[in-house]
Structures are given as C-alpha cells and as structure tokens.
Amino acid sequence: MFLANFRDGTKRRKGLLLQQKQLNSTRATLLDYQAKLNAADRHLQGTRAKLEQRLHGLGAFLQRLAAVAAGPVASADQQLKDMPAGVTIPDGPADGADGAMGSAPEATQAIPPAEEEAPPPGAR
C-alpha cells in the first residue's frame with residue numbers, strides 16, 4: 001500500500017512540475033506582452049501630446065482669423081496681409097521618448113496654407 005501511494009505521489013508530483021513549467025512559460029510570455037503594451041502606451045501618450053500641441057497651434061491661428069472676420073471691413077485687407085503664411089506648430093518627438101510630454105518645443109514647423117481658390121465672378 002505504501003509503494004502504491006508513493007507511485008501515485010510521484011506521478012502527481014511530475015504532473016504538478018509539468019504544470020508549473022507551463023504556467024511559468026505562460027507568465028513569461030504575458031510579462032513580455034505587458035512590456036510591449038507599456039511601450040505602445042508610452043508611444044501613444046507622446047503622440048497624443050504632440051497632437052494636442054498641434055491642435056492648440058491651429059486654434060490660435062483660427063482665433064486670429066476669427067478676429068479678422070469679426071473686425072472692421074476697412075482693415076480686413078491689412079489684417080489678412082499681417083496673418084502668418086501658415087500655422088506654426090511645435091516640432092518635438094512624437095513617441096514621448098524624452099519623457100517630457102509637456103516640455104518646451106525644440107523647434108517649430110510651419111504648415112503652408114492651402115492653395116487659394118479664385119473667387120467667383122462678381123465677388124469682392
């Protein structure tokens with residue numbers, strides 16, 4: 001009876017060791033996957049910060065344009081000439097690799113304005 005119990009215990013131990021090996025492998029795979037997801041999250045946070053900066057630059061440009069549209073007609077031509085040729089946006093790393101998503105921009109990039117369409121006849 002002792003030998004039968006001993007053999008059963010040995011079989012059970014081998015099965016548990018095999019299960020432990022499989023679970024350790026699964027855990028290692030999941031930890032690797034978690035590291036990849038964390039890297040992707042950092043990249044997306046950096047991209048979000050850059051897009052927020054670009055949106056802020058576009059908003060500032062549109063506010064200036066709205067001020068021209070709401071202002072007196074007599075000074076509109078001069079105000080339009082004073083408008084920048086494009087929207088200035090911060091140009092920084094998009095992946096957040098520097099770890100400072102809210103830091104001051106290192107350089108700026110201007111987005112050129114769209115091609116102007118000819119006004120319809122009789123306009124202006």
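Buried here means under 20% relative accessible area, exposed means over 50%, and partly exposed lies in between (1.4 Å probe, protein chains only). The model is predicted: local features need pLDDT of at least 70, side-chain atom pairs count only at pLDDT 80 or more, and totals for chains, interfaces and linings use all residues. Numbering starts from 1 along each chain as its sequence is written, and side-chain values use heavy atoms, without hydrogens or water.

Areas follow the Shrake-Rupley method with a 1.4 Å probe; for residues, only the protein chains shown count as cover.

Now colour by secondary structure.

Select residues 2-70. This is helix α1, with 69 residues. From first C-alpha to last, α1 reaches 97 Å, close to the expected 102 Å. The expected span is 1.5 Å times one less than the number of residues.

Within α1, pick out G46, A49, K50, G57 and V68. These are the buried residues of the helix.

Next, select L55, L58, L62, L65 and L80. Together they form a nonpolar surface patch with about 440 Å² of accessible area. Helix α1 gives the largest share, four residues.

Finish on L58, in α1. L58 is partly exposed, at 37% relative accessible area.

How values were computed
Helices (H or I, at least four residues) and strands (E, at least two) are DSSP runs, numbered from the N terminus. Patches are made of residues with over 30% relative accessible area and no salt bridge: like charges are joined within 9 Å, nonpolar side chains (Val, Leu, Ile, Met, Phe, Trp, Tyr) within 5 Å. A salt bridge is a side-chain nitrogen of Lys or Arg within 4 Å of a carboxyl oxygen of Asp or Glu.
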